[in-house]
Amino acid sequence: QVQVVESGGGSVQAGGSLRLSCATSGGDFSSYVMSWFRQAPGKERECVAAISWNVGRTYYADSVKGRFTIARDNDKNAVYLQMNSLKPEESAVYYCAVGPRASWGVNYYPRVSEINYWGQGAQVTVSS
């Protein structure tokens, strides 16, 4: 049984930092894209960062470039998201996502429809 579990969410003031962790079990995901999505109330779920299976390529949404860093540890089947200089408008539920199991093309980033497994989500609240 596949499990995807996020941790590290919470509340922080604007300009602060949080680090999200995602632990997976029940499969070997070392050949899968791993990513972080977020969804604020009334908005669509969006990919904020993704990393290829071999850690060679990353994607960041324009809104988070230079502030967020994604990393993964294939030995632990884990992925992390370091978030710095957080803004109130980034308050959302952050989801860890596994998939697809595919190559990484030019300008690639994972779409919601491509995700194989989702975590339950971690609330991040940024106060002004």
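**A tour of the cysteines and charged pairs**

Start by selecting Cys47, which is buried, with a relative accessible area of 7% (buried means under 20% relative accessible area, exposed over 50%, partly exposed in between, with a 1.4 Å probe and protein chains only). This is a predicted model, in which local features need pLDDT of at least 70 and side-chain atom pairs count only at pLDDT 80 or more, while totals for chains, interfaces and linings use all residues. Residues are numbered from 1 along each chain as its sequence is written, and side-chain values use heavy atoms, with hydrogens and water left out.

Next, select Cys22 and Cys96: a disulfide joins them, S to S 2.1 Å (a disulfide is a pair of cysteine sulfur atoms within 2.5 Å). Turn the view to look along the S-S bond; its torsion is about -80 degrees, so this disulfide is left-handed. Cys22 is buried at 1%, and Cys96 is buried at 0%. Cys47 is in no disulfide; its nearest cysteine sulfur, that of Cys96, is 11 Å away.

Now for the charges. There are 4 salt bridges (a side-chain nitrogen of Lys or Arg within 4 Å of a carboxyl oxygen of Asp or Glu). Select Lys65 and Asp62, which form a salt bridge at 3.1 Å, N to O; both residues are exposed.

Move on to Arg38 and Glu46, whose closest N and O atoms are 2.8 Å apart in a salt bridge. Arg38 is buried at 8%, whereas Glu46 is partly exposed at 33%.

Finish with Arg67 and Glu90, a salt bridge with closest N and O atoms 2.5 Å apart. Arg67 is buried at 11%, and Glu90 is buried at 3%. Keep all four selected: salt bridges that share partners join Arg38, Glu46, Arg67 and Glu90 into one network.
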